[in-house]
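Okay, thanks for coming, everyone. Let me put the structure up, and then we'll walk through it together.

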Amino acid sequence: MREVHRMQPIEAANEFWKKYFPDCQGAILAGSVVRGEATETSDLDIIIFDNVMSSSYRESLVDFEWPIELFVHNLTSYKEYFEKDCQRARPTLPRMVAEGIILKGEKTISPIKKEAWELLNGGPSKWTAETIRIKRYFLTDALDDFRGSTNREEELFIANTLAELASEFVLRINSQWIGSSKWVVRSLKQYDESFANRFVNAFDHFYQTGEKKKIIQLVEDILQPYGGTLFAGFSLGKEKG
């Protein structure tokens with residue numbers, strides 16, 4: 001870590017809840033420091049369960065020489081966030097609760113952790129045939145833009161869109177949770193490490209060389225089992241006459 005003299009993560013997190021939420025029902029330390037993936041810029045993700053709070057909130061602050069991301073809930077408000085995260089297939093709060101270390105309130109927090117694990121293990125809701133059709137179309141549209149573009153500046157950002165749409169398609173079609181930013185590749189690796197390596201290699205190759213073939217083939221292979229690319233005949237919102 002950058003500041004070798006500062007407290008260890010668990011020590012700092014314990015001091016934090018004792019200082020700001022001494023009467024809370026429970027506290028959890030989550031995030032990269034718990035998973036053993038901390039970097040020099042990692043923060044402490046601390047979840048507080050306090051029934052004095054009438055509503056949930058999130059706050060960023062620095063204390064005990066650590067940047068801290070604070071998530072405060074009462075013993076019922078977290079359920080709404082669990083549900084919303086699962087609906088968007090990005091289980092941020094359930095994952096933090098499930099993987100986190102209980103700092104206070106073992107009896108109170110253990111059932112909530114069990115609830116979080118059950119949600120994670122259940123996976124997101126399956127896509128309907130109509131959703132698959134719509135996602136095929138928009139992925140095809142981005143692929144066609146990428147294939148036809150001769151503008152390097154535009155290609156860079158089309159590639160970003162393709163990476164987002166393609167990763168979402170693969171993960172959701174296989175009933176896997178999705179992610180954003182660093183969680184895109186983490187989610188792909190959790191699903192299939194070999195495929196994740198191919199995915200990363202294709203985009204890395206393009207960003208370094210400008211060569212598109214690997215990305216084009218990757219996306220075509222992703223779509224092929226579900227009918228391939230889709231353009232002709234697609235409609236959205238058209239009333240049946």
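Glu168 sits in helix H7. Leaving out residues up to four places away in sequence, Glu168 touches Trp127, Lys135, Ile173 and Ile178, where a contact means heavy atoms within 4.5 Å.

Some housekeeping. This is a predicted model, so local features need pLDDT of at least 70 and side-chain atom pairs count only at pLDDT 80 or more, while totals for chains, interfaces and linings use all residues. Residues are numbered from 1 along each chain as its sequence is written, and side-chain values use heavy atoms, with hydrogens and water left out. When I say helix or strand, I mean DSSP runs numbered from the N terminus: H or I of at least four residues for helices, E of at least two for strands.

Now the sheet. Five strands make an open sheet with mixed pairing, in the order E3-E4-E2-E1-E5; two strands pair if DSSP finds at least two bridges between them. Strand E3 (57–63) and strand E5 (101–104) are at the edges with a single partner strand each, so one side of each has no neighbour in the sheet. From one strand to the next, the twist averages 25°, with axes fitted as lines to C-alpha atoms and angles taken between N-to-C directions, from 0 to 180 degrees.

Let's zoom in on E1, residues 26–30. E1 pairs with E2, residues 44–49, in the antiparallel sense over five bridges. Gly26 is opposite Phe49, and Leu29 has Ile46 as its bridge partner. E1 also runs antiparallel to E5, joined by three bridges, with Ile28 opposite Ile102. How enclosed is E1? Five of its five residues are buried, so E1 is largely enclosed by the rest of the structure. Gly26, Ile28 and Ala30 cover one side, Ala27 and Leu29 the other.

On to the cores. A nonpolar core here is a set of buried Ala, Val, Leu, Ile, Met, Phe, Trp, Tyr and Cys residues joined through side-chain atoms within 4.5 Å. The largest one has 48 residues, and Val97 and Leu162 touch the most other members. Helix H7 (residues 152–173) gives the most to this core, nine residues. Apart from it there's another core, of 18 residues, including Leu29 and Leu103.

Next, helix H3 (77–87). Its buried residues are Ser77, Tyr78, Phe82, Asp85 and Cys86, and they pack against E2, E4, H4 and helix H5 (106–122). After H3 comes Ala89, with a positive phi near 65°.

Last stop, the largest pocket, with about 760 Å³ of space. On a 1 Å grid over the protein atoms alone, a pocket is an open set of points where a 1.4 Å probe fits, with protein on both sides within 12 Å along at least five of seven lines, and lining residues have an atom within 4 Å of a point. Grid points are joined across faces, edges and corners, and the volume is the space filled by probe spheres set on the points. Of the 32 lining residues, the closest to the centre are Asp45, Phe71, Thr92, Met96 and Trp183. Which helix gives the largest share of the lining? That's H4, with five residues.

Conventions
Buried means under 20% relative accessible area, exposed over 50%, partly exposed in between (1.4 Å probe, protein chains only).
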